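We will go from stop to stop, selecting as we go.

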Amino acid sequence: LQIAAEAHQREGRKKEGLALLRKMASLDPSNTKTRLKIAEMLWKEELQEESLAEYDEVVAEFGRQGDYEGMVRVHEQVLRNLPERVENLIGLGSAQLELGHPRKAEAPLLKATEVAVDSIEAWEAVARVHEAMGRQKDLEDAWKTVAAIHKDRGNDERAKEILQLYVTPHG
C-alpha cells in the first residue's frame, strides 16, 4: 500500500494516495510515520482541521507509547504553522517537563498562558515548571492564578482547596 500511495503522489493523484495512506493507518493506528504523512498531506491540501486532528492522534499515540521526544517533534511541527495553538503549546511544554527539561518547557507554557489567560491546564503546567525549577514564589503565584480562575467560574470550593493545598499562608 505504501508503494502504491507514493506512486499516486508522484503521478499527481493526491486523493488516491491519501486514501491509500488512510487505509494503511486504519490497519495499524500505531504507525505514527504513516499518520504523520497523512497529516502533512492534509495540510498541503489546505485541509487544516483534518490535518490537525491527525496530528493530535499522532501525539496521542506517542503518548501511549511513552515517546515524549516524538510528542515534542509533532508539537513543534504544528507550532511552525500555528504558533499560538494552545493545545500544542501546552503539549510541547508538558512533554519537555516529562523529559526533565523544565527550562525548555517554560517558554511554550508561558506563551499558552498569554494566548489563553484563563486556561487552567496551562497554568497548572506552568506551576509544574516552577516546582521543577525550585521557584517557590512563582509556584505559589501560578497556583493562586489557577484558584482565581476556578473562583471566576463559580467553583469557590475548588479555589479554596487549591489555595489550601498549594499556597503557604503568610503572617
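This is a predicted model: local features need pLDDT of at least 70, side-chain atom pairs count only at pLDDT 80 or more; totals for chains, interfaces and linings use all residues.

**Stop 1: R85**

Select R85. You are in the loop between helix 5 (68–81) and helix 6 (86–98). Is R85 buried or exposed? R85 counts as buried because its relative accessibility is 14%, under the 20% cut-off.

Now show side chains. R85 makes a polar contact with the side chain of D56, at 3.1 Å. Another polar contact, of 2.6 Å, links the side chains of R85 and N88. Leaving out residues up to four places away in sequence, R85 touches L52, D56, V78 and L79.

**Stop 2: the largest nonpolar core**

Next, select V74, L109 and W143. They touch the most other members of the largest nonpolar core, which has 38 residues. Color the helices that supply at least two residues each; among them are helix 3 (32–44), helix 4 (48–65), helix 7 (102–115) and helix 9 (136–152). Which helix gives the most? Helix 8 does, with 7 residues.

Zoom in on L109. Beyond four places in sequence, L109 touches L89, I90, G93, S94, L97, A125, V126 and V129. In soluble globular proteins, nonpolar side chains tend to be buried together.

**Stop 3: E46**

Finally, select E46, in the loop between helix 3 and helix 4. Check the backbone: phi is positive, about 60°, although E46 is not a glycine. Most residues other than glycine have a negative phi. E46 counts as exposed because its relative accessibility is 72%, over the 50% cut-off.

Terms used. Residues are numbered from 1 along each chain as its sequence is written. Side-chain values use heavy atoms; hydrogens and water are left out. Helices (H or I, at least four residues) and strands (E, at least two) are DSSP runs, numbered from the N terminus. Buried means under 20% relative accessible area, exposed over 50%, partly exposed in between (1.4 Å probe, protein chains only). A polar contact is a pair of N or O atoms within 3.5 Å; within protein, one must be able to donate a hydrogen and the other to accept it, and residues adjacent in sequence count only if both atoms are side-chain atoms. Contact means heavy atoms within 4.5 Å. A nonpolar core is a set of buried Ala, Val, Leu, Ile, Met, Phe, Trp, Tyr and Cys residues joined through side-chain atoms within 4.5 Å.
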